[in-house]
Structure formats: structure tokens, C-alpha cells
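Subject: A structure for you to look at

Hi there,

Please open it first, and then read my notes below with the model beside you.

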Amino acid sequence: MGRVTGGPGDGGIDAAIREDALGLDEVYVQAKKFEKNTVGEGDLRNFAGAIDAAGTSKGVFVTTSVFTKAARKYVQKSPKRIVLIDGEELARLMVENNVGVRIQYQYKINRIDEDYFTQSNY
């Protein structure tokens, strides 16, 4: 129950997710794909302003990079509920939820079946 809103003039919001079927409450998402840049406090301030302008107080900020200490501190002090997902957490969530991943190796671990060695099997 979500929609992509990102693109030119998106107002700092890339997607919106409805928390209920009626759309009474939404969570807004901002995503940044960075290879070398970090996400700083200014980025979080802009996002907080964008979700405020959209009339909600909940958001998720996702990056392939990392958040600076100042950015994390800003979110901790903010009255808005903003969840930060950095590249490492994003990869963990993708693997855990089987999104955008493929099994490369699979291991099989056998154990002794002690019931096999009962009198009835001889």
C-alpha cells in the first residue's frame, strides 16, 4: 500500500506508504543512493521539513551510504519519528526478506537419525 512520488519537484519525498487501508496515516520515504557521500544533518533537516509540510510526523530515510553522527543525533532529538536505514542495514533487510537477492550457495547439514538404529529396522 504505497506509491512512488519521487522525481523532479517531489518536495523531498520519494515514496509514501499507507499504514492502513483508508490512508488515515502515511509514512514518507526518502532514498539516497550514494557511493562516497554521507548523509548529514542538513539532509535530515530537509526531510523533516518535507514530512512536516506533507502533514505527517513519520518517515524513513534510506541510503546506500552511511549517516553522520550529527544526522543520527538530530533524529534522536527530533519530535518526528524518523527511522534511519543505512547501507549495511539495507543489505541485511534485503537478505532477511529475500528482496533483490539470489541464493548463491546453500549448505546442507546432516545429523544422525537415532530412530533408524532401533530394533525394527534390522
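Let's begin with the overall layout. Going along the sequence, the pattern of the chain is β-β-β-α-β-α-β-α. That makes three helices and five strands. Please keep in mind that this is a predicted model. The chain has 122 residues, and 29% of them count as buried. If you take the contacts between residues at least 6 apart in sequence, 46% of them join residues at least 24 apart.

**The aromatic rings**

How many aromatic pairs does a search of the whole structure find? The search finds two. One is formed by F47 and F61, with 5.5 Å from centre to centre and 90° between the planes, and it is edge-to-face. F47 sits in helix α1 (residues 41-53) and F61 in strand β4 (residues 58-63), so this pair ties together parts that are 14 residues apart in sequence. Are F47 and F61 buried or exposed? Both are buried.

The other pair is made by F61 and F67. Their ring centres are 5.8 Å apart and their planes stand at 75°; angles over 60 degrees count as edge-to-face, so this pair is edge-to-face. F67 counts as buried because its relative accessibility is 7%, and buried means under 20%. By that cut-off, F61 is buried too, because its relative accessibility is 1%. Taken together, the ring pairs link F47, F61 and F67 into a cluster.

**Around F61 and Q30**

Besides its neighbours within four places in sequence, F61 is in contact with Q30, K32, V39, D43, L44, F47, F67, V83, L84 and I85. The C-alpha atoms of F61 and A31 are separated by 5.9 Å, although these two residues are 30 apart along the chain.

One of the contacts of F61 is Q30, which lies in strand β3 (residues 26-32). Q30 counts as buried because its relative accessibility is 7%. Which residues does Q30 touch, not counting those up to four places away in sequence? They are G12, I13, D14, F47, V60, F61 and V62.

**The nonpolar cores**

The largest nonpolar core has 16 residues, and those that touch the most other members are L44, F61, F67, V75, I82 and L84. Which elements give two or more residues to this core? They are α1, α2 and β5 (81-85). The most comes from α1, which gives five residues. Apart from this core lies another, of six residues, including A15, V29, V60 and V62.

V75 shows how some of these residues meet. Leaving out residues up to four places away in sequence, V75 touches L44, I82 and L84.

**Two helices side by side**

Next, look at how α1 and α2 (residues 69-77) meet. Their axes come within 7 Å and cross at roughly 35°. From α1, the contact uses E41, L44, R45 and A48, and from α2 it uses A70, A71, Y74 and V75. Sorted by class, this contact has six nonpolar, no polar and two charged residues.

Which residues of α2 are buried? They are A71, Y74 and V75. Around the axis they cover an arc of only 95°, which means they are on the same side of α2. On the other side of α2, K69, Q76 and K77 are exposed.

**One last residue**

Finally, please find N98, in the segment after α3 (87-96). Most residues other than glycine have a negative phi. N98 is not a glycine, yet its phi is positive, at about 55°. N98 is exposed because its relative accessible area is 57%, and exposed means over 50%.

That is everything I wanted to show you. Enjoy exploring the model!

Best wishes

Key: Residues numbered from 1 in each chain as written. Predicted model: local features only at pLDDT ≥ 70, side-chain atom pairs only at ≥ 80, totals over all residues. Heavy atoms only, no water. Phe/Tyr/Trp six-rings, centres within 6.5 Å; stacked < 30°, edge-to-face > 60°. Helix = DSSP H or I, 4+ residues; strand = E, 2+ residues; numbered from the N terminus. Buried < 20%, exposed > 50% of the residue type's maximum accessible area, 1.4 Å probe, protein only. Contact = heavy atoms within 4.5 Å. Axes fitted to C-alpha atoms, helices over the stretch in contact; angles between N-to-C directions. Nonpolar A, V, L, I, M, F, W, Y, C, P; charged D, E, K, R; others polar. Core = buried A, V, L, I, M, F, W, Y, C linked by side-chain atoms within 4.5 Å. Arc of directions from axis to C-beta.
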